[in-house]
Amino acid sequence: MEIYHKDGTFPRYCEAVRKSLDDNRFNEFAQLTSDEERFRFVNGLRKIVDELQLKREYNGKGMEQATALKTLGNKAFQAERWNDALVFYNKCYVSTPKENVQEKSIILANRSAALYHLEKYDLALRDIQRALDHQYPNQMMYKLVERKARCFLAKKEYEAALECFKATVTALDDSNLPLERRQKLERDAQIMINLLPKNIELEKKTKKKASKADQSAPTTKVPDNFIEKALWFDESPDEGRFARTNTHLKPNTILLLERPHVSVLLEDYSLDHCTHCFKRVSVPIACPLCADVVFCSDECETKANATYHRYECGFLPILWGSGASITCHMALRMITQKSEEYFLKLKPELAGLTNEQIDKLPVDDYRKVYKLVTHESTRSPEDFFQRTLMATLLNACLTLGGYGACPQEQNFIGGLLVHNLQLLQFNAHEVSEMIRETAEDIGKSTFIGGGLYPTLALFNHSCDPGVTRYYRGNQVCVRTVKNIPADSMVAENYGPLFTQVRRDERRDTLLHQYRFTCQCVPCVENWPLFTEMDPGVIRFRCDSGKICSNVLLIPAAVNDFMVKCTECGEHTNIMKGLKSLQDTDMLFKTATRLHSAGEYEAALRKYVEMMETMSEVLVPPYRDYHLCQQGLRACMLEFGNRFTRAVAKK
């Protein structure tokens with residue numbers, strides 16, 4: 001990942017600053033050996049705040065805009081276009097300034113009405129409570145309380161509904177409704193107050209039965225972080241740290257569930273995904289100050305505003321407009337999500353960290369990621385200069401945002417920013433979402449943000465990876481997509497697959513982006529592309545097993561069923577293998593049908609059965625095997641982030 005895009009203010013600023021340095025001054029920079037020294041040097045060159053006109057601004061909020069959106073929402077609501085009303089109310093809510101507290105309460109109440117008609121009762125109840133928290137007018141309180149009662153009624157929570165209907169009668173005393181209208185609402189509420197006790201008795205009996213059922217069938221909570229016990233991390237001079245397995249792993253084994261150390265959404269997705277957890281948001285909770293981000297829940301909003309967003313708020317448009325890449329935003333957030341005091345306490349420890357210490361640390365500990373590879377020794381002075389200048393931009397945002405109270409430690413924090421920009425280049429992952437235009441669409445895996453996953457970052461690359469990954473919110477899930485023998489490396493894929501991209505192009509890409517020449521089996525043996533695999537030739541495994549690793553190339557229309565190995569001289573009976581391959585044809589059809597029907601777990605089981613069968617008799621690369629792998633990956637993606645646009649338009 002590059003540090004900036006060409007269409008922004010930073011590239012021009014970077015070029016201007018670089019040209020202002022003569023050769024002697026730049027050579028002076030080139031001789032520096034630490035990130036802190038580099039930051040001190042570059043930060044003293046020019047005043048980036050003045051040059052780029054940095055200023056904290058809360059754009060996108062204003063009552064004129066909010067009022068217009070509210071009017072559109074009300075018109076849609078009156079026409080019973082509930083979804084359209086919700087969209088306008090969402091935009092109105094995000095646009096309403098913090099100081100207009102009561103106006104915000106009214107728009108939240110309006111949105112709760114749209115949600116009630118859309119039968120999203122839990123979300124409606126959340127908005128009702130938020131409206132109450134925002135000083136909803138007392139004379140209109142009966143509306144909210146009655147709607148709250150109706151939501152509980154729809155949810156069959158009769159006891160709560162009864163209390164709310166009673167509260168409705170009380171709230172009507174403060175209303176300024178005409179007498180006739182008020183009396184009608186009182187009568188309606190009183191009818192429900194008289195009817196609900198019977199329902200409450202039934203509700204208690206139902207809950208008692210449900211409680212017994214829950215005890216016999218407990219639900220399993222998905223953990224935030226999980227590492228398969230067979231997984232361990234080896235180290236060698238050539239490979240660095242890498243994942244291995246001490247037992248044989250079958251396809252569809254979950255190896256890793258990991259929350260990110262840091263994650264950041266792309267600008268394009270900042271208003272329809274929660275900036276904290278990346279869940280897609282249909283009913284957003286807005287930042288009180290800016291209109292640049294949204295949240296899915298009060299919990300996410302509280303966590304974000306208690307840490308990183310309190311410093312980033314008002315600066316996001318500057319970052320986006322500067323052309324800074326998402327890795328730059330991640331480098332900044334690696335700092336803003338912790339306090340200055342936190343980093344100062346860690347300062348004495350960072351240089352001497354060992355792998356044994358690091359492995360025991362939690363994901364959110366900065367020491368967990370500090371020693372990830374940076375390739376510092378291979379960087380050019382120009383590369384260091386650009387990254388350090390970007391760090392001064394990020395640091396200016398920190399300073400203007402009120403981060404830190406220790407000016408003498410500014411160079412230390414600036415040095416960490418330079419370090420973060422280096423390690424993220426090689427260790428960050430793109431967080432994706434499967435987006436479909438219609439329900440029938442095959443879908444496209446779409447880059448929505450970036451994340452740094454400390455454990456996943458240790459997995460090495462293969463052009464024929466043993467795992468695939470997908471995301472639930474910003475949590476990554478890693479599953480196996482083939483048999484992986486015990487004591488083997490467990491590799492993921494950094495981009496190019498051998499089935500899609502030729503070896504020379506793959507190696508060039510990996511050398512340019514990650515600074516290594518790939519030596520995986522498909523590269524060493526120069527495996528063919530998927531489209532070039534000959535379906536008329538079957539690659540059988542020699543029956544001698546571990547004694548012989550020779551591949552028997554057999555024409556699909558073979559007549560002889562005993563084939564002699566040219567390496568070990570033993571004979572292999574391929575009749576059994578041919579029969580197994582016939583069985584896999586039927587399994588593949590069944591798996592494809594189940595996949596299309598949305599029965600993904602059942603489809604996965606069939607794909608795994610098919611792969612197990614083929615692994616016993618065939619040696620990759622083999623067309624049907626990789627086609628099955630493709631089906632396995634496609635099924636797994638269905639368990640991650642996904643969105644169908646056509647559904648949202650209904």
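1. R130 touches Y93, L108, I285 and D298, leaving aside residues up to four places away in sequence. The model is a predicted one, and these contacts should be read as belonging to that prediction.

2. The residue R130 belongs to helix α8, which spans residues 121-133. R130 is buried, its relative accessible area being 10%. One of the residues it touches, Y93, also takes part in a polar contact: the side chains of R130 and Y93 make it at 2.8 Å.

3. On cysteines, the count of disulfides is zero. C290 is in no disulfide; the nearest cysteine sulfur belongs to C313 and lies 3.7 Å away.

4. Two cysteines can be described by their burial. C290 is buried, with a relative accessible area of 0%. C565 is buried as well, at 3%.

5. Strand β4 covers residues 254-258, and four of its five residues are buried, so the strand is largely enclosed by the rest of the structure.

6. Strand β4 pairs with β1 (residues 226-227) through two bridges, and the two strands run antiparallel. Within this pairing, I227 stands opposite L256 of β4.

7. Strand β4 is also joined to β11 (residues 475-480), here by four bridges and again in antiparallel orientation. L257 has C477 in β11 as its bridge partner.

Methods
Residues are numbered from 1 along each chain as its sequence is written. This is a predicted model: local features need pLDDT of at least 70, side-chain atom pairs count only at pLDDT 80 or more; totals for chains, interfaces and linings use all residues. Side-chain values use heavy atoms; hydrogens and water are left out. Buried means under 20% relative accessible area, exposed over 50%, partly exposed in between (1.4 Å probe, protein chains only). A polar contact is a pair of N or O atoms within 3.5 Å; within protein, one must be able to donate a hydrogen and the other to accept it, and residues adjacent in sequence count only if both atoms are side-chain atoms. Contact means heavy atoms within 4.5 Å. A disulfide is a pair of cysteine sulfur atoms within 2.5 Å. Two strands pair if DSSP finds at least two bridges between them.
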